[in-house]
Structures are given as C-alpha cells and as structure tokens.
Amino acid sequence: MTRLQKMVLKPKEQLVSRLFLSPKLRQNLTVLSYSTHDLIKAMKELSASDPFVLLREPQSDAMQNLEWLRAPEGENLVDHLLVQVDLSDWHDWEKRAVKMLIYHLDEDGYLRVSLTKIIERSEFSLENLTRAKKLLQSLDPCGIGAADLNECLLLQARHKPHFNPVALEILLNKQLEILADPDQWHNSVFSETELTAALASIQTLDPTPASDYVTGKNTQYLLPDLIYKVNDGHLMIENLQSQIPEMVFDEQAFNELKEQADENKYFSQQKQRYEKMKNAIAERQKTIMRLGEFVGQFQCEFLTTMHKKELKPLGLKETAQALNLAPSTISRAIKDKYIQCQNKIFSFKMLFPREVTTDLSQARVEYDLCKIIRKENTRAPLSDQQLVEIFAKHDVFLSRRVIAKYRNKLKIPNSYARRAK
C-alpha cells in the first residue's frame with residue numbers, strides 16, 4: 001500500500017473555547033471607552049432619534065451656565081485645525097497628540113512651548129510628540145506650529161514652488177538676522193544683488209500664519225472625569241458628572257402614544273434603547289470611580305506632592321487583577337479620560353507609567369539620572385558606563401544602552417559634549 005493510499009479523511013474532535021460578547025456587554029464596553037465629549041455626543045444622537053428621550057442640562061454647577069460666552073467673530077484657528085485632524089487618516093494616537101499640541105499654540109500660531117515641557121503633562125514620548133509636530137506643521141495655514149520666526153518662514157518657503165534658492169539657503173542656515181541688517185551683508189557669501197532678491201522673496205511670506213483666524217478670544221475647556229482633592233494630607237476623590245446631561249424618559253408621552261397605536265414593537269425597542277444606554281452610562285461612571293479609587297491609593301504620594309519622581313510603575317494587568325476586571329476594560333476606562341489634582345489637569349494614562357525595574361518607574365529613573373548628572377564634575381563628566389555603576393550601587397541594574405536611551409530622551413549630551421572647556 002502506497003503513502004497516497006494511506007491518506008484518508010477521518011473525523012477529529014477538538015474542544016474550542018470562544019468568548020462571545022452579548023449586545024449589552026458590547027455596548028457597555030463601547031460607552032466605557034467614550035471620552036466625555038463622545039459620550040455627550042452619543043446621548044444627543046439617541047435623544048434626536050428617540051422621541052421619548054430627553055436631555056436635561058445639570059443646573060448644580062454654575063460653570064454649566066455659559067450663555068454669557070459669545071462666539072467670536074471670524075473663523076476660529078483651533079476649530080479650523082481640529083477639523084483637519086478629524087478628517088485625516090492618521091492613527092488615533094497621532095490625532096490625540098496633534099490636538100494636544102494645537103491647544104499649546106500661541107495667538108500667532110507658534111508652538112513656543114518646548115516638547116519636553118509638554119511631555120511632563122502627557123502620556124506621549126518625545127518621539128511621538130516630534131512626529132505629531134511634523135503632522136501639525138503639515139496643516140493649513142502653512143507655517144503653523146513653528147518654534148520661531150525662522151522656522152515659520154522656512155516651512156512656507158519649502159511649500160512654495162520655485163522659491164528663491166538664496167533665500168531658502170539663508171533660512172536653512174538660520175541667517176535671517178544677517179539678511180534683515182544690510183550693514184552685515186558684507187559677512188555673507190552672497191552678493192548684494194542676491195541678498196536683495198532673497199529679502200524680497202522672504203517678505204512675501206507671512207510671519208504670523210494665524211493672523212486671519214481668531215485665537216486670543218477663544219477659550220477651550222478640558223473637563224476632567226475625576227477630581228482628586230488633598231485635605232490635611234488625606235486624598236479624596238470626586239466623580240465629576242456636572243458636565244454630563246441627565247437622560248430621562250418621557251413616560252407620559254410613551255404611555256399615551258402606546259395606547260393609541262397598534263404596533264407595540266416600536267415602542268418596546270425605543271424604551272430598550274434608552275434603558276441600555278442609561279445602564280451603560282451608570283456602569284461607565286461606576287467603573288471609572290472604582291479605578292480612580294484604586295489608582296488614587298496606589299499613586300497617593302504623587303497626587304499629594306505632584307512630584308513626578310513619586311510615580312510608581314503601574315500596569316494594566318495588575319490593576320485588572322486588583323479590581324477583578326479584564327485588562328481591556330482598564331484600557332477602555334482610561335482612554336481619553338482626564339483627571340484634576342491640585343489645579344492641574346492631565347491624562348489618566350499618566351498614572352500608569354511603564355516599569356523599568358522592579359521598583360522604579362521610567363519617570364523616577366529619568367529624575368535620578370538628571371540629578372546625578374547635575375551634580376557631576378563638569379571637568380570630568382560621567383560616562384554612560386559610570387552611570388550604570390552608580391545606579392548598580394543602589395541596586396538598580398540598567399544596561400548602558402538603557403542609560404543612553406533615557407539620556408537622549410532628556411536631551412542630555414554624552415560625556416564628551418558635556419565636558420567643560
């Protein structure tokens with residue numbers, strides 16, 4: 001008998017475990033992942049499609065009465081940029097990072113705040129924010145998101161076809177001050193005729209790309225989901241629901257119309273949609289509150305002192321185990337959520353720093369690294385290997401490659417460049 005003759009089809013039993021989410025659980029998880037803005041939007045869509053669902057704006061918080069705010073005349077720069085971001089095909093994290101940079105623009109459309117300072121109040125890395133800055137600078141108006149005048153003009157010059165090559169080279173070499181002062185033209189490698197033409201080309205560019213848009217009168221509000229308060233050294237938590245409207249069901253109209261109609265299926269479906277959404281919102285608030293209480297206790301030292309070095313590494317898995325939830329549920333619960341503590345508002349994800357060693361978070365290692373280098377002898381700066389040995393003396397074992405990684409992230413040059421001349 002040949003090998004081909006031995007090959008026959010035989011039934012085979014196999015046990016497979018599959019997890020199927022019920023429609024109710026699927027909706028609960030979807031609502032949990034909503035930001036406050038997306039949640040209110042979903043509630044308004046339900047109210048618009050269901051004639052029995054009404055939304056009542058909460059009256060308890062005085063900040064909810066914003067009728068005294070008037071929309072400024074003219075197109076708003078922030079809204080103009082946000083629309084472009086929403087219509088882009090970028091990744092979700094890229095959109096969130098770009099939006100964060102948009103809110104840091106000044107009235108001229110410049111991003112004068114350094115990325116390292118923005119990192120302190122966000123969950124993004126320097127690499128991510130650098131990528132986001134490039135995406136921001138690709139938006140209209142051209143020149144937006146520049147750090148200074150030279151960069152702003154350079155962005156516009158690169159965008160224009162057949163731009164004066166001498167002017168472009170001057171901007172690339174950051175010699176704009178020389179060009180602006182004819183008394184210094186003799187220090188340039190270009191002739192007076194070339195510099196005159198270059199100056200005329202640069203004068204066609206816009207030094208304030210946001211001048212056609214409203215910026216100074218615009219006020220943006222970022223409302224937190226949780227508020228941590230410190231009283232006499234004790235940490236308290238409050239679930240801020242004042243910005244979420246109350247969703248109610250018009251029982252009277254529902255019963256009157258149901259009695260007059262012969263079709264009861266439609267009415268049952270409308271009420272079920274309302275009940276599912278209301279239950280999902282209640283579960284969302286309950287889960288966020290539970291998570292806030294646990295994280296508040298875990299990161300109590302940071303929240304009471306607001307020193308980034310006090311942040312302890314916290315993972316989604318250990319949080320999920322402590323709350324008897326799935327890691328994916330924790331991920332949804334902190335997605336696009338913000339917290340307020342001691343008059344500062346920052347991303348919930350900031351309280352979940354990645355672990356570098358068993359006991360230290362990335363933020364603590366960066367803090368210690370800066371502290372060690374700050375105290376070093378500038379005539380004999382510490383090498384990366386010496387930094388590894390210093391950390392090892394305190395039972396923190398890092399490789400030289402890791403030290404170099406965090407040193408570069410903090411924009412600290414190597415030992416050779418740090419040596420005092």
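In this predicted model, helix H9 spans residues 165–172, and its buried residues are Val166, Ala167, Ile170 and Leu171. Viewed along the axis of H9, these buried residues fall within an arc of 135°, so they line one face of the helix.

**Helix H9 and its ends**
- The cover over the buried residues of H9 includes helix H8 (149–159), helix H10 (176–180) and helix H11 (192–202).
- At the start of H9, Asn164 places a side-chain oxygen within 2.9 Å of the backbone nitrogen of Val166.
- Lys174, which follows H9, has a positive phi, near 55°.

**Crossing of H13 and H15**
- Two packed helices are described by the angle between their axes and the distance between the axes.
- For helix H13 (residues 265–298) and helix H15 (residues 316–323), the axes come within 11 Å and cross at roughly 115°.
- The crossing in which H13 passes H15 is right-handed.
- On the H13 side, Arg290, Leu291, Phe294 and Phe298 meet Glu318, Thr319, Ala322 and Leu323 of H15.
- The residues of this contact comprise 5 nonpolar, 1 polar and 2 charged.

**Leu111 in its loop**
- Leu111 belongs to the loop between helix H5 (92–102) and helix H6 (115–119).
- Because its relative accessible area is 2%, under the 20% limit, Leu111 counts as buried.
- Beyond its neighbours within four places in sequence, Leu111 is in contact with residues including Leu101, His104, Leu105, Ile118 and Lys133.
- Gly145 is also among these contacts; it lies 34 residues from Leu111 along the chain, with 4.8 Å between the two C-alpha atoms.

Conventions:
Residues are numbered from 1 along each chain as its sequence is written. This is a predicted model: local features need pLDDT of at least 70, side-chain atom pairs count only at pLDDT 80 or more; totals for chains, interfaces and linings use all residues. Side-chain values use heavy atoms; hydrogens and water are left out. Buried means under 20% relative accessible area, exposed over 50%, partly exposed in between (1.4 Å probe, protein chains only). Helices (H or I, at least four residues) and strands (E, at least two) are DSSP runs, numbered from the N terminus. The arc is that of the directions from the helix axis to the C-beta atoms. Contact means heavy atoms within 4.5 Å. A polar contact is a pair of N or O atoms within 3.5 Å; within protein, one must be able to donate a hydrogen and the other to accept it, and residues adjacent in sequence count only if both atoms are side-chain atoms. Axes are lines fitted to C-alpha atoms, for helices over the stretch in contact, and angles run from 0 to 180 degrees between N-to-C directions. A crossing is left-handed if the near helix is turned anticlockwise from the far one by less than a right angle, and right-handed if clockwise. Ala, Val, Leu, Ile, Met, Phe, Trp, Tyr, Cys and Pro count as nonpolar, Asp, Glu, Lys and Arg as charged, and the others, Gly among them, as polar.
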